[in-house]
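Thanks for coming. I will go through a few local features, one after another, and you can follow along on the screen.

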Amino acid sequence: MAILNNVLKIDRYMVDPQHTSQTGLDTMYIDVYQLTVTDNVHKLKVVADPKLSTEIQNRQLREGCSVLFTKCTVRYDETSLSGSSIVVLHSINMATKPCLSFLPADMADLTWCPDCGANETKALPLTSSRGYYLDLWSSIEITGPQWKLAGTNEESKSIGGVRAQDIYKVKEIAKKWTDVKTINPHMIVKVVGKCRLLHYAKPCKAEKWPFQAHFSVCDETGVCNMVLWNALCTEHYQRLQEGCVILIRRFTVKKSYYSSGREIQVPKNLQYYDIDLNMNPHHPRSEIQILALSAVPKNIRLPDLEYNFVTRKQLGSIPDNYICDIVGCVTYVGRYERDLITNKAGLDSGGFWVRRWLHLKDASSKKTFIVQMFRAAESLIGPEVRPGVVLVCRHMRVINNTSYLTESTCHRQVYLTSTINTQLSIKGSEERHSRQESAITRVLAWSQSREGTREVELSMVEGYFSYPCLPIGLAALQDMYTDLKIVPSDDWKRELIGLSYRQHKRLFVQAVMVSAKLIHSPTVRCAAPETYRRKSRGKKISKAEKTPLCEQEVVVVDRETHALTDQMESIGVVKPQQLIHTFPVSYSPADRSRLRQKLMFPSGELSTEEQQHSDTTGHSSNTPGYSSDTTEYRSNTAGHSSNTAGNSSNTAGHSSNTAGNSSNTAGNSSNTAGHSSNTAGHSSNTAGNSSNTAGHSSNTAGNSSNTAGHSSNTAGHSSETERQCRDKEIPECFILTWTGLNSHILLNTIWRPMADRCGGSMSELLCMSHPSIHWLSYPPQKLPDLPTLLQSATQCVGHRYLLVVDCYRHSHEENQELVLKHAYRV
């Protein structure tokens, strides 16, 4: 008998021996997904079979959805006399009712099932000895209530009964480190560097807190490394920030093990000592106390926190891999993208890096800082990064790509990327800054000037952005990618259908052009789906319906293949309405809450109604209790409701299923097979692993596939999508359709040439670099003489191209976004 339950929360943790013995599940998967579900009376934790991980990574199975348990088993812990048991969920069917967007009042105080074990009611993994959860989407981020945040403990106003003669300097400890156990010294030091948390858990070991955290600390005599181990990381990692003054004792000292593989921040005129101050949770338990500056004895001098600021004007003359600090006003916040982590052998490890692009501007140049920021570096301030704020980025790496410059006139494509040591902070005009922070003061003043205010007004968010540009010429590309792997057309579907939620992948494919479609209008207004379909059939429509249409023109390049398109499978954007996800949108402070929700990843847990309203203050909401994935759009329609993996539409009574297009992708990711990725000398957990479930099929572009009884309610385009199109001017662009040399699969790629290079034919422009930085201009640049450019597509007949395609998956129900970054004539 199937049981209907609402999913309240999804957690993830790593396999360990205890989990394997309790569940008896396949050990080839290293991730465990734990669901908290309710029948509206009680709540219960269940362990999901690893084969369901694909549905979770594709956001089919998510918080707020209703599921039917079609097969589950009860497993008893035979190693315990308490008789405790767990429920293992093997297969489900998704209910057709809309998903909950917040926790209704009648579910806010649900009690646990009467026969729940003590461990089940705690915020701990159900079947593991681990004491924490992993982030659902990233490989290196840790979640859970056990982590103490900054500000939870006030700074101490005194050092207590510590005597001055008991306080040792870094230099003294470095000379007497073998005697530390006998002298039991105290140290007062300042934190001048902080590394990303290192997670070294392994599936074969049962460790509760497998963490390391490295800090650079100093006093007036020198700099050394301090290492927090295990449980101390949960207590102090978030609290200790650069600039903190701490009193430490009961530590052990050893020769530094990781200093050769790390970049140590050493203030000027101070010597670095190659030792580690190891802070242990036991034997002995180390003590860390954060001090106020007034508590530091007068005879102890601590160096100031030093900055190495570089302006945008100076950046062009900075060498490659240089580590520096920057400060600027944010003018662009890109979408998050997930990239697969490869192991040392270059193979897929199953984990994901999460990153996005930021643009910052200072007063020194009209150019912007282009920053590739990994989410691990954003720490707790990530949700607050938005256009208009002044952001300080410390310990950034300069990337110049100088090896691809062929002559002195070549454009130098310099950008910065975050490192293992990167720290971010948002500065306000009310703060006081020291003389060393004068760069911050200048940027704050510029951001409030007329010029700075104008830049913020033109700022943009979301959309596709890729940097740097690729070289012109196939030979230069082959020099850049020495191990260039071209995907055969028989594998296109497997590569693209396998994309999970917000995953990005770059593909190199050989193809010939089938057709070119021009999407343009003076002010783009998209039609409702039914109106669009009627026009595509060539039927006459009224004047009232003509106004909101996207104008389209099509030129057929390969007539023989184009005649067979109805019999061929198509992948990629096929309708203009979907382009609103591809192009950046202008930012308005009034949209802050909505855009923040769209830019952030779903947390995996339903929030209360009060939290939901506070996050969306000033914005209209849908039917109470029902909505959608935080990354998609809401909509209000007059009579029909379509649900698209989080695209909820408020209805006047009817719910419409996919207009013939129900798609499900079970088993669309790569098998993790227990791989782990090594980061900075440590094995890093592969979070967000999507497991391959053999035998599950996936569907694309309107072909219906049914997997494990799941169905998606996607009427193609929600009315909110139409409203977004009406409110925004979509830049003119082309949808170029390609096919392989062997397989008859169509790729629909989005392509937009630069405005200053539209004088040639399409065959010529395809072979030129098209930087997406020009997509960020507002209002969008008008492309001249597009009809002529479209007609020139016929010159591509008979030509074979090597395409560089950036692929991205917004959500499970929508077609994959395929942006043509470059095309090389072969």
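Start with helix α8, residues 438-447, where Ala439, Ile440, Val443, Leu444, Trp446 and Ser447 are buried. These residues sit on the same side of α8, because they cover an arc of only 165° around the axis. Please keep in mind that this is a predicted model.

Next, a strand. In β2, Asp31, Tyr33, Leu35 and Val37 point one way. Val32, Gln34, Thr36 and Thr38 point the other way, and both sets are buried.

β2 has a partner, strand β3, residues 42-48. The two run antiparallel and are joined by six bridges. To find one of the pairings on the screen, pick Leu35, whose bridge partner in β3 is Val46. β2 and β3 form a hairpin, with three residues between them. In that turn, Asn40 has a positive phi of about 75°.

Now the aromatic residues. The structure holds 21 aromatic pairs. One of them is formed by Tyr336 and Phe601, with 5.6 Å centre to centre and 35° between the planes, and that pair is tilted. Where are the two residues in the chain? Tyr336 lies in the loop between β18 (323-333) and β19 (337-342), while Phe601 lies in the loop between α15 (592-599) and α16 (609-615). The pair therefore ties together parts that are 265 residues apart in sequence. Tyr336 is buried, at a relative accessible area of 1%. Phe601 also counts as buried, with 9% relative accessibility.

Phe601 has another contact to look at. The charged end of Arg502 sits over its ring, 4.6 Å from the centre. There is also Arg59, which lies over the face of Tyr501 at 5.8 Å from the ring centre. Elsewhere on the aromatic list, Tyr332, Trp357, Tyr415, Phe465 and Tyr467 form one cluster.

Last, the cysteines. A disulfide is a covalent bond between the sulfur atoms of two cysteines. How many disulfides does the structure hold? The count is zero. Take Cys767, which is in no disulfide: the nearest cysteine sulfur belongs to Cys796 and is 8.3 Å away. As for Cys244, it counts as buried, at 16% relative accessibility.

That is the end of my list.

Key:
Residues numbered from 1 in each chain as written. Predicted model: local features only at pLDDT ≥ 70, side-chain atom pairs only at ≥ 80, totals over all residues. Heavy atoms only, no water. Phe/Tyr/Trp six-rings, centres within 6.5 Å; stacked < 30°, edge-to-face > 60°. Helix = DSSP H or I, 4+ residues; strand = E, 2+ residues; numbered from the N terminus. Buried < 20%, exposed > 50% of the residue type's maximum accessible area, 1.4 Å probe, protein only. Lys NZ or Arg CZ within 6 Å of the ring centre and 35° of its normal. Arc of directions from axis to C-beta. Pairing = 2+ DSSP bridges. Disulfide = S-S within 2.5 Å.
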